[in-house]
Amino acid sequence: VGGASAGARDGTGPWNTPPLALDDGLYAYLLKHTRESEVLRALREETSALRGSQMQVAPEQGALLALMVELVDARRVIEIGTYTGYSSIAMASAMREGGVLYACDKNEESFAVARRYWAKAGVSDRVVEKNGDAKVSVVELLEEHGENSFDVGFIDADKRAYREYYEALLKLVRPGGLIIIDNVLWYGKVADETLEDKQTLAIREFNAFVASDERVSYGM
């Protein structure tokens with residue numbers, strides 16, 4: 001009843017299944033039932049002491065990314081925003097021999113951490129670094145490989161540039177491939193109408209655009 005009335009108030013229709021509150025206990029349960037290699041666990045622990053540790057994808061996100069890569073049998077992946085390498089390791093580890101992941105980032109300090117853990121995870125031979133402005137890197141990859149040449153694209157970088165990255169990946173990623181975008185709920189800020197900082201506004205605008213973009217099949 002509470003869910004249905006809430007949906008009626010905001011125009012989304014009846015909420016037949018009430019939303020799930022992910023408290024600490026339930027999240028701990030989720031982590032205990034998430035597959036995470038020893039290398040990824042060690043990387044997560046090291047990253048927790050670094051500035052910007054909240055930028056690292058969570059273990060359950062890494063597991064989902066790996067599953068997506070495996071499901072489409074991805075041979076070529078582009079990651080925009082690598083940080084210390086958790087997501088790149090998760091995806092590269094799920095690729096078959098001969099697969100290549102292009103890791104785009106401009107922070108040499110975090111790339112140095114990523115390199116160590118790529119080696120520990122045994123995926124260094126599958127990762128190609130693109131150190132610099134990701135907008136430039138995407139253009140270079142498009143020129144080098146052509147359109148429809150990638151199977152999966154993952155965006156986890158500057159929120160105000162999401163639309164530009166998205167449009168670039170629509171050219172790079174083949175029909176039937178996946179474009180996966182992190183932070184679309186932005187810590188819940190997108191639903192708080194009192195917040196109007198630039199990043200929150202950018203993600204709201206981006207979400208509205210993609211939801212109505214008929215060029216893609218879409219799910220949030």
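Author: This is a predicted model.

Reader: What makes the charged end of Arg163 count as sitting over the ring of Phe209?
Author: Its distance from the ring centre is 3.4 Å, and the cut-off is within 6 Å, along with a limit of within 35 degrees of the ring normal. Lys120 is placed over the face of Tyr117, 4.4 Å from the ring centre.

Reader: Why are helix 8 and helix 9 called roughly parallel?
Author: Helix 8 (residues 162-172) and helix 9 (residues 198-211) pack at about 30°, and their axes are 10 Å apart. Angles under 35 degrees count as roughly parallel, so helix 8 and helix 9 get that label.

Reader: Which residues make the contact?
Author: Helix 8 brings Tyr162, Arg163, Tyr166 and Glu167, while helix 9 brings Phe206, Phe209 and Val210. By class, five residues in this contact are nonpolar, two are charged and none is polar.

Reader: Why is the aromatic pair of Trp186 and Tyr187 called tilted?
Author: The angle between the planes is 50°. Under 30 degrees would be stacked and over 60 edge-to-face, so what remains is tilted. The centres of Trp186 and Tyr187 are 5.1 Å apart, and the pairing cut-off is within 6.5 Å. The whole structure has six aromatic pairs.

Reader: Are Trp186 and Tyr187 buried or exposed?
Author: Trp186 has a relative accessible area of 10%; buried means under 20%, so Trp186 is buried. Tyr187 stands at 54%; exposed means over 50%, so Tyr187 counts as exposed.

Conventions:
Residues numbered from 1 in each chain as written. Predicted model: local features only at pLDDT ≥ 70, side-chain atom pairs only at ≥ 80, totals over all residues. Heavy atoms only, no water. Axes fitted to C-alpha atoms, helices over the stretch in contact; angles between N-to-C directions. Helix = DSSP H or I, 4+ residues; strand = E, 2+ residues; numbered from the N terminus. Parallel < 35°, antiparallel > 145°, perpendicular 65-115°, else oblique. Contact = heavy atoms within 4.5 Å. Nonpolar A, V, L, I, M, F, W, Y, C, P; charged D, E, K, R; others polar. Buried < 20%, exposed > 50% of the residue type's maximum accessible area, 1.4 Å probe, protein only.
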